[in-house]
Amino acid sequence: MRLIVNGAAHDVTVPGHETLLGTLRERLQLTGTKLACGRGECGACTVLVDGASAYACLVLTAACEGREITTIEGVARDGELHPVQAAFVAEDALQCGYCTPGQILAAISLLRQNPNPTEADVRRGMSGNLCRCGAYPKIVRAVLAAAREGAANG
Amino acid sequence: MAKRFVTTKVEVEGREETTVVELPSREPTPWDDDATLHVVGQRIPRMDALEKVTGEARFTADVQLPGMLHAALLRVPIPGGRVVRLDLAPALALNGVRGAVSLDDVRDITIDGVQVFDHTVRHANQAIAAVCADSLEVARRALNAVACEVLPEPHVLTVAQATAPGAPLVRPRGNLPRNSPRTMTRGDVDAGLRDADVTITREYRTPAALHSALEPHGAVADWSGGVLTVWESTQGIFLTRSELADAFDLPLSKVRVIKNYMGGGFGAKNGASHATFAAAALSMKLGRPVRCVLDREGEQTDAGNRPATIQRVTLGAKRNGTLTAIKLDASVPLGAAGWLGGPGRIYHDLYACPNVHTVETFAYVSSSPMASFRAPGHTEGAFGLERALDELARELAMDPLELRRRNYAANDQSKRRQYSGKRLDECYTRAAERFGWAAARSRPRDTGRIRRGVGMASVVWGGGGGPPAYATVRINGDGSIEVLTGAQDLGTGARTVLAQIAAEVLGAKVSEVRTVLGDTERLPYASNSWGSITTASVGPAVRVAAEEARDALLEAAAGMLDTQPSDLESRDSEIHAKSNDRCMLIRDVCEKLGNVMIIGQGSRGPNPENTTLAAFAAQFAEVEVDVETGRVRVLRIVSAHDSGRIINPTLAESQLEGGIIQGLGYALFEERVLDARLGLPLNPTLHDYKVPTIADVPAIDAFFVGGADTVANHTGAKGLAEPPIIGVAPAIANAVADALGHDVPEIPLTPWRVLPALRTTG
């Protein structure tokens, strides 16, 4: 089957039960997408499927034929950080960094749906992504800052 | 000639040890509050943030080597028993399975004194073998093919069960570890209680909490050319190296441990784990690289926990609030292994009181072993002590903050010596001001459904660090600078902070500095990143190394600028001669030197004698309690910290917020639940074990008071990662008690614990 990841086509042969997370990490070596729970509880594997956030551990690769998949590796364009990435750096919205790719993709998806979120919107919209280091206050600030920068158009 | 090797005392997580230290080549003048610093103290963006936001940061589970195999651990689902048959052959016969290891392959390899893959089962989900295959999926499937029989045997889950006559033995030498019960005494507590005008006795309970790092424990091992290379998600590369060398009888020089990025540790990743030994044993057996990473259930059930406690507290005081006696009788079920990180210590240290007596009974029980968890012992103890202190304040009709001030411990009470610095009083004042404590306390009590309350707690923790720690600073031919030290950055910001110290000394732009950490083969020794010690231990070593390098650099530059080194000043990567106003970029000096490499070596000197190094904090919380549902909502937390000099305020505040949020989880939701009869973990997922989400987090105002602690070390910095968790649960519980007007004896503050009425009605 053909998988479109970060704009590039990959022809892969996968068993029907393989998750998108497994395909990305083990076959395509796109290890920016993290495995932490493997059952849709933490958000570390969040990617975009056709522009909307999805837990890659709960998506079957076989269901992704012809769909546009964006991983953290495809967020920066031509060496330039996406406004959400830049805001995470500027606000120090990360510590160990393990949940960060998922947080950033969740934030991008949130801002596409709601370009001008309130703080409450951000807290609700990002609540599917756990951060055990507790970078949450700065994640809120980063997402709001990215919204001000017009990240939705990024 | 002066002695080169001396001894000094270093405290890590409440344990003070005497260690040998090699005196550094120099002892720089401490950076005091008047020191002019240009890079230290600045809000430099986290230097590895770029790799982390682009997905380029490669964590242990991301390491993929050619020919790498994938291992999975076979676990026993019951808490007690004996493995009477273990036949791996059916698994090995499966297509794609490449090998397996079990007890015979790891004889005499132990973790915390317990044989790896032992045939005695001491807790549910204990690992007894590992199978590896071409893919993780095949390895997991192969586990089902293993023929295994376990004869169940009785188990014990509580200290009471473990110490009852005739109790089944979790460990062959008995269920009480050496030195348990542990008794620590000063003065005469009975006399103190007789002297008291008021006494109270209360019992407090804290839950077993799980670290729940998002990156599970794991390792990738590669046995090749007689060298064992292990990528490990660890807080201690050198400790892991020595454990591997011991286990496989290899010289230290033939074991290399690498930790570049790790997805959280919080104390649970201090050395080699089952996954490490499994990956290494399999790689050595098969000659291929092997990855073994725990799945989430393994991480939540067999990768460490903060043990539960029961604390029976008696306090005695005069009418004016002066404490006359503090007494604690505590019990701590450690799990099948562990160390005595108990709640008792903080009872001795937090307040001035002449009579303190603590008894802590630690016992081995049939649950997974405990591990250090952010401020181990103090976090549990602070809940009991600070909750009891509020009950005493209520009894005395005294403001809880005033009661604490009246019992201020100006010196280290238990060791009877001075603190290198203590600004807890300033923490009280500043936090109370920013919180609006006086106004909040004088507000009339709510009587409706939603009731507000306020509470606070005090914090003491070590974090002074100490030797040994080494660093090398290299200046390359293009002027780029490397700080090399075998420490770890857990997400704390160590990479950035150490680069700032080097840049400060060298007068270089911090962007010219790269900190290289986490590789035993390339880097000089630094200790585990535990006990909040990395900055205070390694920072001074980096400063000394950078000074050595700077002196060489300025000497070279002096020749090029026709002046003396003492005439030179370096700033923003440019060297300036004061006498003749000539300038040269560091880069240009280095280019002229070519491959003459400037190398500075530094080490951490001894700690000051007869002095206790500690960090302090005061934490305040405001809550709302719904008296119909028992739901607690934390509205805000104000937290003031004395951690000496802050090298990078932004990263330091991130640490404070993170610690406070973990404390919030401990206070409100986090609790490992074992079936009381069967001993089986009932919530081994991130759905059922509740860690805080972004929606749970209140307004947090966390900040630092005071300045450099120049007695502690010459950078003036002390630890700050652990203090912020310690007082959060008692501050929140005290606020809930304030809102309700009755005691709150147990965390987490789930509705049935908050409202006794809910408890009786179910």
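1. The loop between helix H19 (728-740) and helix H20 (751-754) of chain B contains Pro748(B). Helices here are DSSP runs of H or I with at least four residues, strands are runs of E with at least two, and both are numbered from the N terminus. Pro748(B) is joined to Ile747(B) by a cis peptide bond, with omega about 0°. Another cis peptide bond links Pro467(B) and Pro468(B), where omega is about -5°. Pro468(B) is placed in the loop between strand S21 (450-463) and strand S22 (470-475) of chain B.

2. On the basis of the note: this is a predicted model, in which local features need pLDDT of at least 70 and side-chain atom pairs count only at pLDDT 80 or more, whereas totals for chains, interfaces and linings use all residues. Residues are numbered from 1 along each chain as its sequence is written, while chains are lettered from A and ligands numbered from 1 in the order in which they are written.

3. The contact between the chains takes 44 residues from chain A and 42 residues from chain B. Two residues are in contact if their C-beta atoms, placed from the backbone, lie within 7 Å. On the side of chain B that touches chain A, helix H1 (49-54) and helix H17 (649-668) of chain B each supply at least two residues. H17(B) gives the most to this side, with 7 residues. By class, the side of chain B that touches chain A has 20 nonpolar, 14 polar and 8 charged residues. In this division Ala, Val, Leu, Ile, Met, Phe, Trp, Tyr, Cys and Pro count as nonpolar, Asp, Glu, Lys and Arg as charged, and the others, Gly among them, as polar.

4. H17(B) also packs against H19(B): their axes come within 8 Å and cross at roughly 50°. Axes are lines fitted to C-alpha atoms, for helices over the stretch in contact, and angles run from 0 to 180 degrees between N-to-C directions. The two helices, H17(B) and H19(B), are therefore oblique to each other. Angles under 35 degrees count as roughly parallel, over 145 as roughly antiparallel, 65 to 115 as roughly perpendicular and the rest as oblique. The crossing of H17(B) past H19(B) is right-handed, a term for the near helix being turned clockwise from the far one by less than a right angle, with anticlockwise giving left-handed. From H17(B), the contact uses Ile660(B), Gly663(B), Leu664(B), Tyr666(B) and Ala667(B); from H19(B), Val728(B), Ala729(B), Ile732(B) and Ala733(B). This contact of H17(B) with H19(B) has 8 nonpolar, 1 polar and no charged residues.

5. Chain B is divided into domain 1 (417-463 + 608-762) and domain 2 (465-603), with bounds that come from an automatic or database domain assignment. The C-alpha centres of these two domains of chain B lie 38 Å apart. In the contact between them, 17 residues of domain 1 of chain B meet 15 residues of domain 2 of chain B. S21 and H17 of chain B each supply at least two residues of the domain 1 side. The largest share of that side, 3 residues, comes from S21(B). The residues of the domain 1 side divide into 7 nonpolar, 8 polar and 2 charged.

6. Chain A is likewise assigned domain 1 (2-73) and domain 2 (83-153). The centres of these two domains of chain A, taken over C-alpha atoms, are separated by 21 Å. Their contact involves 14 residues of domain 1 of chain A and 13 residues of domain 2 of chain A. Strand S3 (46-49) and strand S4 (52-55) of chain A are the elements that give two or more residues to the domain 1 side. S3(A) gives the most, with 3 residues. The domain 1 side in chain A comprises 7 nonpolar, 6 polar and 1 charged residues.

7. Helix H1 (residues 20-27) of chain A is mostly covered, with 6 of its 8 residues buried. A residue is buried if 20 or more other C-beta atoms lie within 10 Å of its own, exposed if 12 or fewer, and partly exposed in between, with C-beta atoms placed from the backbone. The buried residues of H1(A) are Leu20(A), Leu21(A), Gly22(A), Thr23(A), Leu24(A) and Arg25(A). After H1(A) comes Gln29(A), with a positive phi near 55°.

8. Two loop residues other than glycine also have positive phi. Asp78(A), with phi near 50°, is in the loop between strand S5 (68-70) and helix H2 (83-91) of chain A. Asp78(A) is exposed, having 4 other C-beta atoms within 10 Å. Ala397(B), with phi about 55°, is in the loop between helix H10 (378-396) and helix H11 (400-406) of chain B. Ala397(B) is exposed, having 7 other C-beta atoms within 10 Å.
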